[in-house]
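Visitor: Could you walk me through some of the backbone details here? I'd like to start with the strands and then jump around a bit.

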Amino acid sequence: MRLLTGVLSLILFIPVADAITVAPQSVVGDTAITLIPATPAPNERFAFNVRGTWSDGCVPQFQSISGLGNTIQINALANASCSTACTAAVTPYSLTTTMGTITTPGIYTVEYYVTECNKPRMLIKSQTIAISASCQFDRSLTASATAVRVGTPVLLRWCDPSVSPGPDQGVGVSFYRILASKSANGPFVPIGDVQGVTGVGINFDASDVGPAFFFVEAHECQVTIAGCTGDTVVRSNIVRVDVASATGCLQDAATLCLNGGRFQVTANWRTSDGSSGRGQAVTLTDDSGYFWFFGPNNVEVVVKALNACSQPAPRYWVFASGLTNVSVDLTVTDTKSGAVKAYSNPLGQPFMPIQDTGAFATCP
């Protein structure tokens, strides 16, 4: 796939900017504070997750969270009973705050404090976050199409997580990095960086046929009188685009694409009162899927197209079963050969199983 020319430009911001501060002797390594969700909107409930490493097993436990002005304080206790039996080993820990809200958009400072045994309370981490009125970057990524053919570009769009409430202050974006994978679980690899835009075009070639997954990283910096410094990465949501060959099956809400997109399956239904429509398609595996007619929780017809080209009589097989007695017209098309098989269930009759082991003599 190729990254096309960057386009568009929206506005607003997100969490970032770290500062190292004085910490108790028991702190080991870096401490990270993240928001849940990553970019909450005003009045949206959110929580903080704190991850770090402690020098012994008596790790910090969440105590309280409070706010005053534009400062939010997270408080934790470590070894509150002053026990001498703490495991003598470096121990990772994670704590999550209770949910809260922020009403007014703006820049906020989050301070994380730990009180260890009977020692004075100490500041472990200070971090700047921004609450935007209009840009929740972690949920903003969209694609102009969920399914395309090779050669047809898709436009990815997102919002700009930058905010600058005054001169020489705020959070800015240095650049956006677009990452892609053939699997929702990765690995994702960078396919290009763009600056000053909130959209890019992606073009696909024959090697991209199948599902493609994308997300965007906003590489943010802290705006100061000295310029924009630092690099904090904020990640968008993941979007999926199904890529079909130039003549292959093109998946949409009412079309199943089975066997690597070789076969296109649709279902039309009709009830006794004259109502009719197209079945809504849901993929189960590469070879199988189902249709619902009246609601997404009400499965009506299950279908699969199997490659039996290695059998003594080489064929593609079609199997289907139904949980309905409405009229159903099931159409299966071999997009390579153009051959079509049609199966019908009469109105008022239970859907009879289809086991067509001679469906398509079009191997390979």
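**Strand pairing and loops**

Guide: Ile-33 stands opposite Val-50, a residue of strand E4; helices (H or I, at least four residues) and strands (E, at least two) are DSSP runs, numbered from the N terminus. This is a predicted model, in which local features need pLDDT of at least 70 and side-chain atom pairs count only at pLDDT 80 or more, while totals for chains, interfaces and linings use all residues. Residues are numbered from 1 along each chain as its sequence is written, and side-chain values use heavy atoms, with hydrogens and water left out.

Visitor: How many bridges join E3 to E4?

Guide: Seven bridges join E3 to E4, and these strands run antiparallel; two strands pair if DSSP finds at least two bridges between them.

Visitor: And what is the strand order of the open sheet?

Guide: The order is E3-E4-E7, an open sheet of three strands with antiparallel pairing. Its edge strands are E3 and E7, each of which pairs on one side only. From one strand to the next, the twist averages 15°, where axes are lines fitted to C-alpha atoms, for helices over the stretch in contact, and angles run from 0 to 180 degrees between N-to-C directions. As background, strands of a sheet pair through backbone hydrogen bonds, either parallel or antiparallel.

Visitor: Where is Asn-43, and what is its phi?

Guide: Asn-43 is in the loop between strand E3 (27-36) and strand E4 (47-54), and its phi is near 70°, a positive value in a residue other than glycine. Cys-82, likewise not a glycine, has a positive phi of about 60° and lies in the loop between strand E6 (71-78) and strand E7 (91-96).

Visitor: Why is Cys-82 classed as partly exposed?

Guide: Cys-82 is called partly exposed because its relative accessible area is 29%, given that buried means under 20%, exposed over 50% and partly exposed in between (1.4 Å probe, protein chains only).

Visitor: What about Lys-119, where does that one sit?

Guide: Lys-119 is in the loop between strand E8 (106-116) and strand E9 (122-131), and Lys-119 is partly exposed, with a relative accessible area of 42%. The C-alpha atoms of Lys-119 and Ala-80 are separated by 9.9 Å, with the two residues 39 residues apart along the chain.
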